[in-house]
Amino acid sequence: MYQVTEWIALQTIVVKEVRRFMRIWVQTLIPPGITMILYFVVFGNLIGSRLGQMQGVSYIEYIVPGLVMMSVITNAYSNVASSFFSSKFQKCIEELLVSPIPNSIILLGYVLGGVFRGALVGMTIMVLSLFFVQFTPNDLIMTFLVLFLTASLFAMGGFINALFAKKFDDISIVPTFILAPLTYLGGVFYSIDLFDPFWRTLSLFNPIVYMVNAFRYGLLGITDVNIGYALAMILIFNLLLFLSAMVLLHKGVGVKH
Amino acid sequence: MGYAAVKINDLRKSYSCGVTALQGISLEVAEGDFFALLGPNGAGKSTTIGILCSLVAKTSGNVSIFGIDIDKNFNRAKQLLGVVPQEFNFNQFEKVIDVVMTQAGYYGLSRHQAQGKAEYYLKALGLWEKRYTVSRSLSGGMKRRLMIARALVHEPRLLILDEPTAGVDIELRRSMWDFLTELNAKGTTVILTTHYLEEAESLCRNVAIIDQGCIVENTSMRALLDQLDQQSFLFDLQEPLAVVPILKDFSYQLVDPQTLEINLGHGQSLNDVFERLNQVNIRVRSMKNKSNRLEALFISRVQPTL
């Protein structure tokens, strides 16, 4: 059971993290909004109107959940990766390491910072999407549960990336060469049921497929995968990354000599 | 009986690159002490401090802080510890007040408690007027003082300072010495590493010299200085001398017509010197040590690296 002092420490880390991304809101909050508006206009309105319906809804309606997830994933990941790596780079991570904060609180603090940014951006995109398409959420609890679990999963991913990173290039390699392809191939713009069995089965190895579909189910009631299975996968990945980050922190990988 | 502020037993550290930084050092710093840890660059001072504050993982050995074994409850030990590192390690984009308040939060101080302490230490270190300044725009001396304020905000029982006055001008250095002396007088144990040996001699009661990962001297400052075989003094004379005077029993030389250098051997005192100078009608305006006394001892204890 955590003591009051540890809750104060957690609160301090979270406030510091939120203050950081709010201070540079032009870099952190505005760009995803602009990018997604362009997606809605080009893919949703201009191209989507010629594509007809996808699984019973308009194409723009179909891609909204995937685009929200894409923003949540990117922002939660990059927030923690860049913030934690900058702390290492400036050596101010030492402030945390010399203080009596358990590793779990350090991890939780940074992850919550990433979750706040991911959720804030995700909800902003949802509001922006209402200017292009009207829909009523199918299951609000599922929608927000998946939103927060996805944000926490990728925030932890960003944390692990930052632990290993030795230079700024190292925190852009994973988002560029791994996250972006997995996200684009994770059913954001299409249903994996359109594939032949081989490619459909292969797609099921992509964890982002489960997040996009679970979130799409929450918003529109449509999914390519079993919802219970998708939620279980998201929870398992969260647990795996949490344990990995804790082991790495305990060993002092990337932060101690 | 109270515990030692720091007790180190057979501490070893080898880095993965093969370098052995510490070869089994043992050390004890009493509570309330002002302790100097001296040594040349790369001797193992920063590694020792790094282990004390958990930035460096030890290879073997035991360390306890106020009786708390760091292997058993490092977080409790860290609560008693404040660290001022050699390099600036605060977020340069944060305001001065936020740097201190954030650190207070890490130690579990409520916002109300932290505000009071932050104000007290920022005022004591002359930074209160700069509290809303972004820390990267502070001068080097102010940044050093900010790190001291940050390390003290949770009022640790042990303060470790790694080269706290490096690059600080003389006036500011003196005011930092006064501040640290006062802090120590109030009961805070202080461990200091420095390259300014005058600083160690002025402030510290006990000293350890570390060289190539080994403790080569660990004693009181007084006992260490007593080991000096010879001291040289420079006397600034009131009147210039045309010829070199004869001062029996002393080794000396006239540096220039108005400066006389006299070497005092073991058992000789300044009173003897003045008595002899009076006998030959030489009046002295002022005098100083030719070199820092501790410096001479330090050089004799450590092996040259070049």
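Two strands pair if DSSP finds at least two bridges between them. By that rule, β12(B) and β13(B) are joined by 5 bridges and run antiparallel. Helices (H or I, at least four residues) and strands (E, at least two) are DSSP runs, numbered from the N terminus. This is a predicted model, in which local features need pLDDT of at least 70 and side-chain atom pairs count only at pLDDT 80 or more, while totals for chains, interfaces and linings use all residues. Residues are numbered from 1 along each chain as its sequence is written, and chains are lettered from A and ligands numbered from 1 in the order in which they are written.

**Chain B overall**

- Chain B has 10 helices and 14 strands.
- The C-alpha trace of chain B spans about 70 × 45 × 40 Å along its principal axes.
- Chain B is assigned domain 1 (6-226) and domain 2 (231-301). These bounds come from an automatic or database domain assignment.
- The C-alpha centres of domain 1 and domain 2 of chain B are 38 Å apart.
- Of the 306 residues in chain B, 40% are buried. A residue is buried if 20 or more other C-beta atoms lie within 10 Å of its own, exposed if 12 or fewer, and partly exposed in between, with C-beta atoms placed from the backbone.
- Two residues are in contact if their C-beta atoms, placed from the backbone, lie within 7 Å. Among contacts in chain B between residues at least 6 apart in sequence, 68% join residues at least 24 apart.

**The open sheet of chain B**

- An open sheet of 4 strands has the order β2-β1-β4-β5 in chain B, with antiparallel pairing.
- β2 (20-29) and β5 (68-69) of chain B are the edge strands; each has a single partner strand, so one side of each lacks a neighbour in the sheet.
- Within chain B, β1 (residues 6-14) and β4 (residues 60-65) pair antiparallel over 5 bridges.
- B:Ile8 sits opposite B:Val63 in β4(B).

**Strands β11 to β13 of chain B**

- β11(B) pairs with β13 (residues 259-264) of chain B in the antiparallel sense, over 6 bridges.
- B:Leu234 has B:Glu261 in β13(B) as its bridge partner.
- β12(B) and β13(B) make a hairpin, with 2 residues between them.
- B:Leu254 faces B:Leu260 in β13(B) as its opposite residue.

**Positive phi in chain B**

- B:Gln212 is not a glycine, yet has a positive phi of about 50°.
- B:Gln212 lies in the loop between β9 (206-211) and β10 (214-220) of chain B. B:Gln212 is partly exposed, with 17 other C-beta atoms within 10 Å.
- B:Asp249, also a residue other than glycine, has a positive phi near 75°.
- The loop between β11 (231-237) and β12 (251-256) of chain B holds B:Asp249. B:Asp249 counts as exposed, with 9 C-beta neighbours inside 10 Å.

**Nonpolar cores**

- A nonpolar core is a set of buried Ala, Val, Leu, Ile, Met, Phe, Trp, Tyr and Cys residues joined through C-beta atoms within 7 Å.
- The largest core has 149 residues; those touching the most other members are A:Val80, A:Val111, A:Ala155, A:Phe159, B:Val100, B:Ala149 and B:Ile160.
- Helix α4 (residues 59-90) of chain A gives the largest share of this core, 17 residues.
- Leaving out residues up to four places away in sequence, A:Val80 touches several residues, including A:Val111, A:Ala155 and A:Phe159.
- A second, separate core has 5 residues, among them B:Phe235, B:Leu260, B:Ile262 and B:Val273.

**Where chain A meets chain B**

- 23 residues of chain A contact 26 residues of chain B.
- On the side of chain A that touches chain B, α1 and α5 (93-98) of chain A each supply at least two residues. α1(A) gives the most, with 8 residues.
- That side of chain A divides into 10 nonpolar, 7 polar and 6 charged residues. Ala, Val, Leu, Ile, Met, Phe, Trp, Tyr, Cys and Pro count as nonpolar, Asp, Glu, Lys and Arg as charged, and the others, Gly among them, as polar.
- Helix α1 (residues 4-23) of chain A packs with helix α3 (residues 96-106) of chain B at an angle of about 145°, their axes 7 Å apart. Axes are lines fitted to C-alpha atoms, for helices over the stretch in contact, and angles run from 0 to 180 degrees between N-to-C directions.
- In this contact, A:Ile8, A:Ala9, A:Gln11, A:Thr12 and A:Lys16 of α1(A) meet B:Thr102, B:Gly105 and B:Tyr106 of α3(B). The residues of the contact divide into 3 nonpolar, 4 polar and 1 charged.
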